[in-house]
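The entries follow the order in which I looked things up.

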Number of protein chains: 2
Amino acid sequence: MRIFWIKGYEATSISDLTEVMGVGTTSLYAAFGSKDELYAEALRHYAANYENLVWGRFREATTVRDAVKAYLYDSAAAMTGSDCDLPRGCMATLGTVGSDGHAELAGLMRSTRAGAFDVLVSRLERAAEEGELPPALDIAKVGRFLQTVQSGMAIRARDGAETAELQSVAEIAMAGWDGFVSKAAD
Amino acid sequence: MRIFWIKGYEATSISDLTEVMGVGTTSLYAAFGSKDELYAEALRHYAANYENLVWGRFREATTVRDAVKAYLYDSAAAMTGSDCDLPRGCMATLGTVGSDGHAELAGLMRSTRAGAFDVLVSRLERAAEEGELPPALDIAKVGRFLQTVQSGMAIRARDGAETAELQSVAEIAMAGWDGFVSKAAD
DNA sequence: GACATTCTGCATCGATCGCTACATAAATGG
DNA sequence: CCATTTATGTAGCGATCGATGCAGAATGTC
């Protein structure tokens, strides 16, 4: 999975995979069927295993602001491998799959990314219903903003950005949150 | 160039290029030497021709806030092809080149991205010197934040985001700018 | 018109791509 | 202990990759 994460779909060859997995091509194809399915499986494994790094504190947070802050700060940490020795960036965000003959894979990745947005939005909606956020606040806008900042973090992480830098980004993004929320409360 | 822009380096084959350029492989290699050099030329052409779409109003703006705002809003517009029928996203930001045997290309792209950051920072520094920004403001942090938001826009644009969505992102990012700047002014 | 030079279309190079047939090794069941 | 099934390593499939050699067309010069 890590090699897909690092090199991406197109740039990773079956030879790379068999070498790093320590199995022959026969076993690989018996287990997964095709390169596409293997990538899909790797993506699912990625989402299942590292989801908690980004969303753990988000879910446990009591206030929506703490949740959003945790989302941004923990994304900054996870993407720069400060938790453990993980590859840089986010596999779901950066893993660009040429949509030529791989429409199915491209759709899977798109829906994976969309899932993160949905999680954000449903938390924001809950906060709005509970009166924690002003009713006038445009939830979708805020959700897209957060998603966009996090996506940008992934690119910066791939370019070698350190945790501190991305956390500074999160800090300013939270200033944007505060400003936008308080403006909607007027 | 557009095909490199859309499909990326790895996913674009020489056949694709000759077909869309209407020339044979011989002419292509006589003119550019290799796929790497052709991509580098395409990237330079991209930077030279579309630089103005993003940085035009930025340069002409009188206040630093207007410049930053123009940078974000015009990026949002350019990346969603609202100016003309350009491909989605930013070629320099999204064009991921597998750094296996293409270290030179990867470096070129990295420095292209770094150039945008430098432009931002130098404008911010000028504003700080002229007293338009508080001396306590961490210029690099702000520059990284703006770069990160714009990079995130590129990913959202590739995923089909419309101009209005990205401009909403820019709006909240500007709230972040205002909040962070006014905090540093205390 | 004859010649030299540049350019281009076609065929093809070796390498590698994703993938599979086949033979052998390991495991399982009686 | 043998027969049958399952798993793996090897060799190689057709296709395509980036890149070239070569011969003929186009162009320029006198």
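**Protein surface at the DNA**

I sorted the residues of the surface near DNA strand C by class and got two nonpolar, ten polar and one charged. Here Ala, Val, Leu, Ile, Met, Phe, Trp, Tyr, Cys and Pro count as nonpolar, Asp, Glu, Lys and Arg as charged, and the others, Gly among them, as polar. I am working with a predicted model, in which local features need pLDDT of at least 70, side-chain atom pairs count only at pLDDT 80 or more, and totals for chains, interfaces and linings use all residues. Residues are numbered from 1 along each chain as its sequence is written, chains are lettered from A and ligands numbered from 1 in the order in which they are written, and side-chain values use heavy atoms, with hydrogens and water left out.

I found 13 residues around DNA strand C, with Ile14(A) and Thr26(B) among the closest; near means a heavy atom within 4 Å. Two or more residues each come from helix H2 (14–21) and helix H3 (25–32) of chain A and from helix H3 (25–32) of chain B; helices are DSSP runs (H or I, at least four residues), numbered from the N terminus.

I noted two nonpolar, ten polar and one charged residues near DNA strand D. A phosphate oxygen of DNA strand D is 3.3 Å from a side-chain N or O atom of Ser15(B).

Note on methods. Polar contact = N/O pair within 3.5 Å; in protein donor to acceptor, adjacent residues only side chain to side chain.
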